[in-house]
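Biologist: Could you show me how to read a model like this one, feature by feature? I would like to begin with a helix.

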Amino acid sequence: LVGSEMCKETGMDSQDVCVLLNISPRTLQTLRDSGRLAYSQINHKTYYLPEDVGRMLPIVERRKTKDK
């Protein structure tokens with residue numbers, strides 16, 4: 001697979017990531033803007049690698065328990 005095909009095949013889109021991490025689209029944008037979550041854009045659609053999203057799980061969980 002090449003470039004865009006690979007991302008479409010193995011990448012997660014923003015909606016997938018928001019559901020998995022239980023975060024809002026705005027929080028996801030903040031993670032992108034701060035450089036904490038890598039992403040690729042193809043035809044104006046944003047994709048994330050599952051391993052990068054997986055690394056965010058403990059961080060997001062810690063923040064949610066800390067905010068309570």
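Biologist: Which residues are buried in α3?

Modeller: L28, L31 and R32 are buried there. Seen down the axis of α3, its buried residues fall within an arc of 100°, so they line one face of the helix. R26 and D33 are exposed on the face turned away from that buried side. The cover over the buried residues of α3 includes α2, β3 and α4. G35 follows α3 and has a positive phi, near 85°.

Biologist: How are helices and strands defined, and how many does the protein chain have?

Modeller: Both are DSSP runs, numbered from the N terminus: helices are H or I with at least four residues, and strands are E with at least two. The protein chain has four helices and three strands, and along the sequence they follow the pattern α-β-α-α-β-β-α.

Biologist: In what order do the strands lie in the sheet?

Modeller: Pairing comes before order: two strands pair if DSSP finds at least two bridges between them. Here the three strands form an open, antiparallel sheet in the order β1-β3-β2. The edge strands, β1 (12-13) and β2 (40-42), each pair on one side only. β1 pairs with β3 (residues 45-48) over two bridges, in the antiparallel sense, and M12 has Y48 of β3 as its bridge partner.

Biologist: What makes up the largest nonpolar core?

Modeller: A nonpolar core is a set of buried Ala, Val, Leu, Ile, Met, Phe, Trp, Tyr and Cys residues joined through side-chain atoms within 4.5 Å. The largest one here has twelve residues, including M12, V17, L28, Y48 and V60. α2 (14-21), α3 and α4 (50-67) each supply at least two residues of this core. Across the protein chain, buried residues make up 29% of the 68 residues.

Biologist: Where is confidence lowest, and where is it highest?

Modeller: The score to look at is pLDDT, the predictor's confidence in each residue, from 0 to 100. Where pLDDT is low, the predicted coordinates should not be read in detail. Confidence is lowest in helix α1 (residues 3-10), with a mean of 54, and highest in helix α3 (residues 25-33), at 97. The mean for the protein chain is 87, and 85% of its residues reach 70 or more.

Biologist: What ground rules apply to these values?

Modeller: Residues are numbered from 1 along each chain as its sequence is written, and side-chain values use heavy atoms, leaving out hydrogens and water. As this is a predicted model, local features need pLDDT of at least 70 and side-chain atom pairs count only at pLDDT 80 or more, while totals for chains, interfaces and linings use all residues.

Terms used. Buried means under 20% relative accessible area, exposed over 50%, partly exposed in between (1.4 Å probe, protein chains only). The arc is that of the directions from the helix axis to the C-beta atoms. Contact means heavy atoms within 4.5 Å.
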